[in-house]
Amino acid sequence: MALETVFSKTFHERSIYKAFYSFKNHKLYKNMNFFTLYTIPPLLSSILFLILGVSVYWNNRKSVINKTFLLVCFVTFWWQFSWFILFNNQSEALANYLVKIGYIGIIFIPIFFFHFFLSFIGYILMPAIGPR
């Protein structure tokens, strides 16, 4: 009985090693550095912004304030998550493309924040998104 458990454990360890080694030789893995000191803060902040925006939106889905706050959180998530992917990348051509995609989110942050601010102070009363 003990011999079978030793054999299955070593077989299991060998299969994990083979799976990791095959992924490590994949070209996607060779261009990425997962979870370094520079990649963890953008990942955490992007996830927190997405969770915050969705939780506020689900609190009252018909409110204009909650809809515009979700938009602010979504473009901030877009921006931060694109930086997370960019910091994991080592290809210069892909990095140039990811910077352009990331700046799309940055462009919309002040626009959606201004819309959120106007709806928060009560200047915008009609819903801008969704059915009326």
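Serine 46 sits in helix α3, which covers residues 40–59. This is a predicted model, so every value here is computed from its coordinates. With a relative accessibility of 0%, serine 46 counts as buried, because buried means under 20% relative accessible area. Which residues does serine 46 touch, once its neighbours within four places in sequence are left aside? The contacts are Phe77, Gln80 and Phe81.

**How α3 meets α4**

Let's turn to the pair of helices. The axes of α3 and α4 come within 8 Å and cross at roughly 160°. Since angles over 145 degrees count as roughly antiparallel, α3 is therefore roughly antiparallel to α4. The crossing in which α3 passes α4 is left-handed.

Threonine 76 gives a view from the α4 side: this residue is placed in helix α4, residues 64–88. Is threonine 76 buried or exposed? Its relative accessible area is 7%, so threonine 76 is buried. Not counting residues up to four places away in sequence, threonine 76 touches Phe49 and Ile109. Its C-alpha atom is also 8.3 Å from that of leucine 50, a residue 26 places away along the chain.

**Helix α5 and its end**

What of the span of α5? Helix α5 runs over residues 92–120, and at 1.5 Å a residue its 29 residues should span 42 Å; the end C-alpha atoms are 42 Å apart, so the two values agree.

The buried residues of α5 are Ala95, Leu98, Gly102, Gly105, His115, Phe116, Leu118 and Ser119. Among what covers them is α4.

Just after α5, glycine 122 has a positive phi of about 95°. Isoleucine 121 also belongs to the segment after α5. Its relative accessible area is 53%, so isoleucine 121 is exposed, the cut-off being over 50%. Along the sequence, isoleucine 121 and isoleucine 65 are 56 residues apart, yet their C-alpha atoms are separated by 9.3 Å in space.

Here are the accessibilities side by side:

| Residue | Relative accessible area | Class |
|---|---|---|
| Serine 46 | 0% | buried |
| Threonine 76 | 7% | buried |
| Isoleucine 121 | 53% | exposed |

Notes: Residues are numbered from 1 along each chain as its sequence is written. This is a predicted model: local features need pLDDT of at least 70, side-chain atom pairs count only at pLDDT 80 or more; totals for chains, interfaces and linings use all residues. Side-chain values use heavy atoms; hydrogens and water are left out. Helices (H or I, at least four residues) and strands (E, at least two) are DSSP runs, numbered from the N terminus. Buried means under 20% relative accessible area, exposed over 50%, partly exposed in between (1.4 Å probe, protein chains only). Contact means heavy atoms within 4.5 Å. The expected span of a helix is 1.5 Å times one less than its number of residues. Axes are lines fitted to C-alpha atoms, for helices over the stretch in contact, and angles run from 0 to 180 degrees between N-to-C directions. Angles under 35 degrees count as roughly parallel, over 145 as roughly antiparallel, 65 to 115 as roughly perpendicular and the rest as oblique. A crossing is left-handed if the near helix is turned anticlockwise from the far one by less than a right angle, and right-handed if clockwise.
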